[in-house]
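Please keep the sequence and the coordinates in view while reading.

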Amino acid sequence: SKFGNTPDDMHQFSGSLAVSGTWLTLGGGGTTRPAIYVSASGEVGIGKVPTTNHSALQISGAVAYNLVSSTEAAAVYTIRQDDYLVGITGSAGRKVNLPAASTQGAGRIVIIKDEEYNGGVARPYGNRITASAAGDDLIDGQSTKDIQGSMVSITLYCDGVDKWYLI
């Protein structure tokens, strides 16, 4: 049997776990440090050994999230499982469908950003960007939420049951 070759292949360890490798630095050279480190108390470090500062996850370096390009965000766009940032360009109205909260898990975050600059003037009502909840789900008590203003964004999180909330 190979290590980790099936979804139910569980390996239990006690103590700390460190996976090391070579990381490129800005000068093009390499330095060896933990790629992933899990402490005995469950703190996780990516690119570093976590310090005890009550953070479950600590990352050394920049983080890049999945960005849906404006070319993908058509007149109606449905958020996918791996979407985090959805940037909307173009002056036409857009509808962004949120997935069912029950399929996302509590704490799922999505950001929808109006990337179209219109001289600082808000989009006309007929060309608004609208976030739409799935089925009977709600966004802060409503089935839809308009994104209003000039180059504004909304950040939503999910309860994992039937609601999305604005942050």
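Is Asn 97 buried or exposed? The model is a predicted one, and in it Asn 97 has a relative accessible area of 18%. Because the cut-off for a buried residue is under 20%, Asn 97 counts as buried. The residue belongs to strand β8, which covers residues 94-97. Its side chain is joined to that of Thr 78 by a polar contact of 3.4 Å. Beyond four places in sequence, Asn 97 touches Val 76, Tyr 77, Thr 78, Ile 79 and Ser 132.

The wider setting of this residue may be considered next. The chain contains zero helices and 14 strands, so that a reading along the sequence gives the pattern β-β-β-β-β-β-β-β-β-β-β-β-β-β. It has 167 residues, of which 26% count as buried. Among contacts with a separation of 6 or more, 43% are accounted for by residues 24 or more positions apart.

In soluble globular proteins, nonpolar side chains tend to be buried together. In this model, the largest nonpolar core comprises 19 residues, and Ile 79, Ile 112, Ile 139, Leu 156 and Trp 164 are those with the most contacts inside it. Two or more residues of this core come from each of β7 (85-88), β9 (109-114), β10 (129-132) and β13. The largest contribution, three residues, is that of β13. Strand β13 spans 153-158. For Leu 156, the contacts beyond four places in sequence are with Leu 98, Arg 108, Ile 109, Val 110, Ile 112, Ile 139, Trp 164, Tyr 165 and Leu 166. Ile 79, listed among the core residues with the most contacts, is also touched by Asn 97.

Attention now turns to the loop between β4 and β5, where Asn 66 lies. At 31% relative accessibility, Asn 66 counts as partly exposed. Which residues does Asn 66 contact, leaving aside its neighbours within four places in sequence? They are Asp 82, Asp 83, Tyr 84 and Leu 85. Asp 83 is 17 residues from Asn 66 in sequence, yet their C-alpha atoms are 5.6 Å apart in space. The side chains of Asn 66 and Asp 83 are joined by a polar contact of 3.3 Å.

Tyr 65 also occupies the loop between β4 (57-59) and β5 (67-68). Its relative accessibility is 48%, and it therefore counts as partly exposed. Together with Ile 36, Ile 46, Leu 57, Ile 59 and Val 63, Tyr 65 forms a nonpolar patch on the surface. The accessible area of these residues together is about 520 Å².

Most residues other than glycine have a negative phi. Asp 140, although not a glycine, has a positive phi of about 50°. This residue is placed in the loop between β11 (138-139) and β12 (144-147), and its relative accessibility of 40% makes it partly exposed. Met 151 is likewise not a glycine and has a positive phi of about 60°. Met 151 lies in the loop between β12 and β13, and it counts as partly exposed at 31% relative accessibility.

How values were computed. Residues numbered from 1 in each chain as written. Predicted model: local features only at pLDDT ≥ 70, side-chain atom pairs only at ≥ 80, totals over all residues. Heavy atoms only, no water. Patch = residues over 30% accessible without salt bridge, like charges linked within 9 Å, V, L, I, M, F, W, Y side chains within 5 Å. Areas by Shrake-Rupley, 256 points an atom, 1.4 Å probe, with all protein chains shown as cover. Salt bridge = Lys/Arg side-chain N within 4 Å of Asp/Glu carboxyl O. Helix = DSSP H or I, 4+ residues; strand = E, 2+ residues; numbered from the N terminus. Buried < 20%, exposed > 50% of the residue type's maximum accessible area, 1.4 Å probe, protein only. Contact = heavy atoms within 4.5 Å. Polar contact = N/O pair within 3.5 Å; in protein donor to acceptor, adjacent residues only side chain to side chain. Core = buried A, V, L, I, M, F, W, Y, C linked by side-chain atoms within 4.5 Å.
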